[in-house]
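Good morning, and thank you for joining. I would like to take a few minutes to walk through one protein model with you.

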Amino acid sequence: MKTDALLSLLHVADPNLPIGGYSHSNGLETYVQNDMVTDKESALEFLQNMLHNNILHNDAAYVKLVYDAMQAKDFKKVMTLDAGLTALKSPREIREGSHKLGARLLKIFKTKNNHPDLLKLDKYLSENKEVGNYAIVYGVVCFASNISLKEALSAFYFSTAAGMITNAVKLVPLGQLQGQEILFTIQEGIGELVDKTLNLDESLIGIANVGFDLRSMQHEKLHSRLYMS
């Protein structure tokens, strides 16, 4: 991997990027308040289920599809994929959060250069409402930054896991070392997740969301909340 592409990947996938990702638990807060995630073991189980049953068939799959569309110079398909991903995000907080994160991610990277794909995406977001999911923008930014698809997906899974672990450490709560032990365990399976994403049957996209969606919807009604989703 070339140094410029590596630095761009570290930048775009940084869990601490100031786009507001730290303010979303994606339903984990509901699992914790319902005593379904209470310790290191149940936090690891939640994270593995989220990655293998949700992220694989949703956001990560769309990173791959968008990257393919960009390679084919088919921006119309990028817009169609964005609409499809929005439709899959039934919980309002998850849907709105994805759009906010995507808009903020593009705002950062469109200032890096005048890459025509980023300018085209910026025009699309500015002319439409409720568009620009995070996974869609992430895929376009990685393509425009000459990051390979496999490396983009590896970083996407790692960054997603790291963000969730940070939330689990605060919410359960867990010790910082326990969080890192979970991350080491998750790292061992990222290669398998990437391979599955690269070879995913498109008819399976969007499955296995019911449980996560219900907890995310219930999050809107929690008596007290630390996170926006």
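I shall begin with the overall fold, then turn to one helix, to some backbone details and to a surface patch.

Please keep in mind throughout that this is a predicted model. Its secondary structure comprises eleven helices and zero strands, and the pattern read along the sequence is accordingly α-α-α-α-α-α-α-α-α-α-α. The radius of gyration is 17 Å, close to the 17 Å given by the globule rule for 229 residues, so the protein is as compact as a globular protein of that length. The C-alpha trace spans about 50 × 35 × 35 Å along its principal axes. Of the 229 residues, 51% are buried. Among contacts with a separation of 6 or more, 81% are between residues 24 or more positions apart. The accessible surface amounts to about 11,300 Å², and carbon and sulfur atoms contribute 53% of that area.

Let us now consider helix α11, residues 210-219. Which of its residues are buried? They are F212, D213, S216 and H219. Viewed down the axis of α11, these buried residues fall within an arc of 115 degrees, so they line one face of the helix. As a general point, an α-helix has 3.6 residues a turn, so residues three or four places apart point the same way. The partners of the buried residues of α11 are α2 (28-33), α3 (40-55), α5 (75-88) and α6 (92-109), against which they pack.

I turn next to the backbone. Most residues other than glycine have a negative phi, and most peptide bonds are trans. P173 is placed in the loop between α9 (149-171) and α10 (176-198).

D35, which is not a glycine, has a positive phi of about 60 degrees. D35 sits in the loop between α2 and α3 and is exposed, with a relative accessible area of 61%. K73, likewise a residue other than glycine, has a positive phi near 55 degrees. The loop between α4 (59-71) and α5 holds K73, which is exposed at a relative accessible area of 76%.

Finally, the surface. M1, L6, L7 and L10 make a nonpolar patch of about 390 Å². Within this group, M1 belongs to the segment before α1 (3-12). Is M1 buried, partly exposed or exposed? M1 is partly exposed, its relative accessible area being 49%.

Thank you for your attention.

How values were computed
Residues are numbered from 1 along each chain as its sequence is written. This is a predicted model: local features need pLDDT of at least 70, side-chain atom pairs count only at pLDDT 80 or more; totals for chains, interfaces and linings use all residues. Side-chain values use heavy atoms; hydrogens and water are left out. Patches are made of residues with over 30% relative accessible area and no salt bridge: like charges are joined within 9 Å, nonpolar side chains (Val, Leu, Ile, Met, Phe, Trp, Tyr) within 5 Å. Accessible areas come from the Shrake-Rupley method with a 1.4 Å probe; for residues, only the protein chains shown count as cover. A salt bridge is a side-chain nitrogen of Lys or Arg within 4 Å of a carboxyl oxygen of Asp or Glu. Helices (H or I, at least four residues) and strands (E, at least two) are DSSP runs, numbered from the N terminus. Buried means under 20% relative accessible area, exposed over 50%, partly exposed in between (1.4 Å probe, protein chains only). The radius of gyration is taken over C-alpha atoms; the globule rule is 2.2 Å times the number of residues to the power 0.38. Contact means heavy atoms within 4.5 Å. The arc is that of the directions from the helix axis to the C-beta atoms.
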